[in-house]
Amino acid sequence: MMNPLFWLQAISLAFSQIWANKSRAFLTALGIIVGVASTTAVIAALTGLKAKVLDEFESVGASKFFVFPDRPDNAPRNMYPWEKILIKTAEVEAIRDECTLVKAVTPITEVGLDVESGDKRIEGITISGIWPEWHDVQNRFVQEGRPFSSIDVESERQVCLINADAIVELDLPSNPVGVAILIGGRRFMIVGVVETTQARFFGMNTSSAEIFIPFSVAEKMQDRNFFMRVEGLFVSPETAVEGEDEVRFVLRRMRGLGPGEPQTFQVAAIDKFIEQFKALAAGITAIAGGIVGISLLVGGIGIMNIMLVSVSERTREIGLRKAVGATPMAILLQFLLEAVTLCLVGGFVGIAFGRLAAFGLTKIPGAQLDQADIPFWAVALSFVFSAVTGVVFGMFPAIKASRLDPIEALRHE
Amino acid sequence: MLRQGRRMGDERPGPAVNPAARVVEPLPLIDVRALEKIYRVGVETIHALRGLDLTIGRNEMVAIMGSSGSGKSTLMNMLGCLDRPTSGVYLLNGRDVSRMGAKELAQVRNEEIGFVFQSFELLPRQTALENVELPLIYAQGGWRGRRQRALAALDRVGLADRVHHRPNQLSGGQRQRVAIARAILNRPSILLADEPTGNLDSATTIEILALFRQIHTEGQTVIIVTHEDEVAAHCQRVVRLRDGRVLSDVPVAEDIAGRHLDMIAARGTAS
């Protein structure tokens with residue numbers, strides 16, 4: 001409908017208008033710039049966090065499950081005291097012996113003790129008591145020496161496994177198998193060195209030195225009612241649902257829970273956590289989207305304001321354009337295009353700043369955001385939102401310009 | 001007078017219009033009948049035009065004069081298709097433009113009318129060439145070869161060496177030449193000038209009026225709205241308005257403006 005020359009000049013005019021009023025255009029577009037920049041940065045951080053977490057879940061294994069005590073909802077506190085619902089060793093043994101869909105299961109109990117080797121001493125290090133099945137469950141095996149065996153647990157041997165960081169911290173020889181160290185004042189022989197995997201969930205262990213002892217030995221070092229985690233592996237991720245039911249059945253029977261009685265524990269497969277985390281990330285992304293909506297609204301009002309100023313400043317120009325044959329539609333399109341261009345330039349600058357912020361996030365040490373990146377959809381969406389803002393808020397000034405009477409406009413001072 | 005007369009006789013193509021005889025052509029370029037325009041300003045109604053009749057033929061050069069409030073600006077807006085009359089008929093090239101909508105009027109202005117304003121109305125950040133090209137942006141087609149057309153128009157007004165200058169790098173006379181080049185670009189039916197020399201000194205005024213005459217000689221219909229007799233003296237025919245009606249409509253020699261003719265002739269020979 002408009003000839004190509006019209007579009008060419010309208011776009012070049014829009015850019016020259018921005019260029020001629022650089023500082024004004026920048027201040028006007030600031031709302032859009034800040035909105036787009038902050039949102040893309042938040043989305044970048046979320047994307048990085050999500051990638052990181054899913055990576056960790058992935059490394060943990062998709063067929064993994066956890067069992068932990070859980071007080072039923074809405075139940076009075078005194079009906080289910082903590083010590084009554086704690087997982088017992090016998091219960092874990094029942095899971096190991098009776099559940100056919102469970103490939104491996106291990107209790108893990110942690111106790112903080114001082115460790116000594118020669119004149120080296122580390123205070124309050126976390127010692128984990130484990131079963132031999134732990135190697136399979138955690139997918140961690142030994143680099144040197146041997147893994148734990150069932151005899152270590154049954155005979156309550158004073159043996160331990162350590163990792164490479166512990167070797168360094170205790171100043172032990174590079175192959176410390178056969179060396180004895182003092183744990184909580186008792187003598188333990190090092191029988192193997194376990195592989196160091198990447199850090200567990202978000203720095204849950206502050207020191208990266210790890211020491212493991214047989215579960216039966218750790219049990220003796222604990223109080224009467226102590227807390228243990230239970231981690232296990234199902235035969236395959238596909239049997240996770242049936243596996244959970246099986247574990248639940250065994251535990252309910254062990255605890256003597258009749259039909260209809262609430263459950264005093266939880267069995268959770270890893271995929272459930274992944275689902276929950278994904279839902280959480282989607283929720284935060286939606287909130288970020290809401291923030292961009294608000295900031296674009298504020299930015300859009302700025303755009304509308306400046307376009308009204310522009311229309312009134314250029315009234316004579318509008319009059320002239322109409323006199324030489326510009327239809328109301330041509331004037332409307334020109335001003336609309338100018339508002340959209342301003343918004344798109346703002347969006348572009350915003351994405352550039354957002355990208356810079358995302359790059360900055362990856363450089364924060366220990367923030368676990370080294371995978372922060374702005375996904376393509378966020379860039380596309382930012383541009384679409386910016387353009388829509390330009391159309392919506394540029395419409396009123398553009399209509400005003402298109403309706404100007406050419407005679408009045410040419411007389412305008 | 002002599003000079004002008006000779007030129008008209010020798011060079012003007014097409015059927016000759018004898019201004020003295022006031023012969024109405026079968027299809028005049030402009031045919032205005034019983035034109036009325038009533039403005040409402042608050043509760044007041046202003047009768048700007050009260051049944052005005054006017055006919056202008058092809059390739060005439062007409063001055064429209066009148067004191068302020070005589071309706072000459074209103075008439076110019078009507079002739080330029082910037083506004084619609086309250087009643088009456090305006091036939092431009094045989095087409096009734098008095099009942100057209102805003103979109104159609106814009107197209108008529110683009111194709112049929114070339115405006116020249118008192119304050120030039122050039123876009124300050126655009127070069128002379130870009131300013132001249134402006135009407136082509138809104139043309140329905142035929143935008144190819146625009147550069148050549150714009151350059152040719154600038155050449156016609158004697159600014160071939162200033163095409164890439166911006167308005168603030170040009171003198172007043174040069175700016176008005178750019179505006180004239182813009183007005184004649186689409187080869188309009190009417191070149192409509194509103195006080196074209198109102199912002200110019202006397203020497204430049206003479207140059208610009210000479211340019212109008214030259215363009216007229218080349219076949220262009222020219223209408224100049226002015227209140228200066230000296231400007232009107234450059235035209236062939238003078239239409240005077242009062243109270244929204246035609247007061248007098250005579251060849252320039254019979255008008256008061258005619259007394260400047262000798263002076264113009266003298267300047268013409270001197271230059």
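These legends go with several views of a predicted two-chain model, from whole chains to single residues.

Local features are described where pLDDT is at least 70 and side-chain atom pairs where pLDDT is 80 or more, while totals for chains, interfaces and linings use all residues. Residues are numbered from 1 along each chain as its sequence is written, chains are lettered from A and ligands numbered from 1 in the order in which they are written, and side-chain values use heavy atoms, leaving out hydrogens and water.

**View 1. Chain A and its two assigned domains.** Let us start with the overall picture. Chain A holds 14 helices and ten strands; these are DSSP runs, numbered from the N terminus, with helices being H or I of at least four residues and strands E of at least two. Domain 1 takes in residues 10-57 + 274-411, and domain 2 covers 71-263, with bounds from an automatic or database domain assignment. Their C-alpha centres lie 54 Å apart. Along the principal axes, the C-alpha atoms of chain A fill a box of roughly 105 × 55 × 40 Å.

**View 2. Surface and charge of chain A.**

**View 3. Helix H4 of chain A and its packing partners.** Helix H4 spans residues 89-98, and its buried residues are Thr89(A), Glu91(A), Val92(A), Ala94(A) and Ile95(A). Buried means under 20% relative accessible area, exposed over 50%, and partly exposed in between (1.4 Å probe, protein chains only). An α-helix has 3.6 residues a turn, so residues three or four places apart point the same way. The buried residues of H4(A) pack against strand S2 (102-117), helix H8 (215-221), strand S9 (229-234) and helix H9 (240-255) of chain A.

**View 4. Ser128(A) within strand S3.** Look for Ser128(A) in the strand of residues 120-130. Ser128(A) is buried, at a relative accessible area of 5%. Beyond residues up to four places away in sequence, Ser128(A) touches Ile108(A), Thr109(A), Glu110(A), Ile211(A), Phe212(A) and Ile213(A) (contact: heavy atoms within 4.5 Å). Val111(A) is 17 residues away along the chain, with 6.5 Å between its C-alpha atom and that of Ser128(A).

**View 5. Two positive phi angles in chain B.** Chain B has nine helices and ten strands, and 54% of its 271 residues count as buried. Most residues other than glycine have a negative phi. Ala34(B), not a glycine, has a positive phi of about 50°; Ala34(B) lies in strand S1 (residues 30-41) and is partly exposed, with a relative accessible area of 39%. Asn59(B), also not a glycine, has a positive phi of about 60°. Asn59(B) is found in the loop between strand S2 (44-56) and strand S3 (61-65), and is buried at 8% relative accessible area.

Notes:
Accessible areas come from the Shrake-Rupley method with a 1.4 Å probe; for residues, only the protein chains shown count as cover. Lys and Arg count as positive and Asp and Glu as negative; His and the chain ends are not counted. The place of a charge is taken as NZ of Lys, CZ of Arg, CG of Asp or CD of Glu.
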